[in-house]
Amino acid sequence: MYSLAKQLASRMRAIMEVENEIAVSKSKDADDKAILDLEQKRSELINSSTRDELFVIKTVMNVGRGERGYRFYAGSDEIEIIKLPIELNEHELMQKYSYYLVHKTERELANSLEFNTVVTEELREGMEILKL
């Protein structure tokens, strides 16, 4: 599974790039058509993936969400990532965080990526932890 994650690193980066473009466009009050086009591009990146690819991408996100600590500041959008030591190797982390995803269908996995608002944050952190 880790070898497939390495192969999918460029696709995960592409998803993050599109999400960043969407965020920038929204902050600059770009026209709705441009934002819809970017959202469509993101959707195509996700939906053109196989179930196995979606499974691996979601696992990387779960690693990013679960292997670090987060500190949220009340009344602020600021989040501090607490860099906890990682005790498992990459293969063990992928196995640990994919455990319940095995039962998800392709559509469920795609929807969990498509409608998640923190894909970039979780993917970036997961890719850093897994050294992808």
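Q: Helices are taken as DSSP runs of H or I with at least four residues, and they are numbered from the N terminus. With that convention, in which helix is the place of Ser43?

A: The model is a predicted one. Within this model, Ser43 has its place in helix α3, which spans residues 32-47.

Q: How many helices and how many strands are there in the chain?

A: The chain contains seven helices and two strands.

Q: In what order do the elements of the chain run from the N terminus on?

A: The order is α-α-α-α-β-β-α-α-α.

Q: What part of the contacts in the chain joins residues at least 24 apart?

A: Among contacts between residues at least 6 apart in sequence, 76% join residues at least 24 apart.

Q: What is the accessible surface of the chain, and what share of this surface belongs to carbon and sulfur atoms?

A: The accessible surface comes to about 7900 Å², and 51% of it belongs to carbon and sulfur atoms. As for burial, 41% of the 132 residues count as buried.

Q: How is the packing of two helices described?

A: Two packed helices are described by the distance between their axes and by the angle between those axes. The case here is the pair formed by helix α2 (residues 9-27) and helix α7 (residues 119-130), whose axes come within 9 Å and cross at roughly 145°. The crossing in which α2 passes α7 is left-handed. On the α2 side, the contact is made by Ala9, Met12, Arg13, Ile15, Met16, Glu19 and Asn20. On the α7 side, the residues are Val119, Thr120, Leu123, Arg124 and Met127. Sorted by class, this contact has seven nonpolar, two polar and three charged residues.

Q: Is Ser43 buried or exposed?

A: The cut-off for a buried residue is a relative accessible area under 20%. Ser43 has a relative accessible area of 11% and is therefore buried. In sequence Ser43 and Asp29 are 14 residues apart, and their C-alpha atoms are 21 Å apart in space.

Q: Where is Ser25 found, and is Ser25 buried or exposed?

A: Ser25 is found in helix α2. Ser25 counts as buried because its relative accessible area is 14%. Apart from neighbours within four places in sequence, Ser25 is in contact with Ala30, Ile35 and Leu38.

Q: How does Ser3 count by its relative accessibility?

A: The class between buried and exposed is partly exposed. Ser3 has 47% relative accessibility and so counts as partly exposed. The place of Ser3 is in helix α1 (residues 2-7). Ser3 and Leu132 are 129 residues apart in sequence, yet 9.8 Å apart in space, C-alpha to C-alpha.

Q: Which residues is Glu90 in contact with, leaving aside its neighbours within four places in sequence?

A: Glu90 is in contact with Tyr2, Leu130 and Lys131. Glu90 lies in helix α5 (residues 90-98). With 17% relative accessibility, Glu90 counts as buried. Between Glu90 and Ile35 there are 55 residues of sequence separation and 35 Å from C-alpha to C-alpha.

Q: What is the phi of Lys131 near?

A: Phi of Lys131 is near 60°, which is a positive value in a residue other than glycine. Lys131 is found in the segment after α7. The cut-off for an exposed residue is over 50% relative accessible area, and Lys131, at 61%, is therefore exposed.

Terms used
Residues are numbered from 1 along each chain as its sequence is written. This is a predicted model: local features need pLDDT of at least 70, side-chain atom pairs count only at pLDDT 80 or more; totals for chains, interfaces and linings use all residues. Side-chain values use heavy atoms; hydrogens and water are left out. Axes are lines fitted to C-alpha atoms, for helices over the stretch in contact, and angles run from 0 to 180 degrees between N-to-C directions. A crossing is left-handed if the near helix is turned anticlockwise from the far one by less than a right angle, and right-handed if clockwise. Contact means heavy atoms within 4.5 Å. Ala, Val, Leu, Ile, Met, Phe, Trp, Tyr, Cys and Pro count as nonpolar, Asp, Glu, Lys and Arg as charged, and the others, Gly among them, as polar. Buried means under 20% relative accessible area, exposed over 50%, partly exposed in between (1.4 Å probe, protein chains only). Accessible areas come from the Shrake-Rupley method with a 1.4 Å probe; for residues, only the protein chains shown count as cover.
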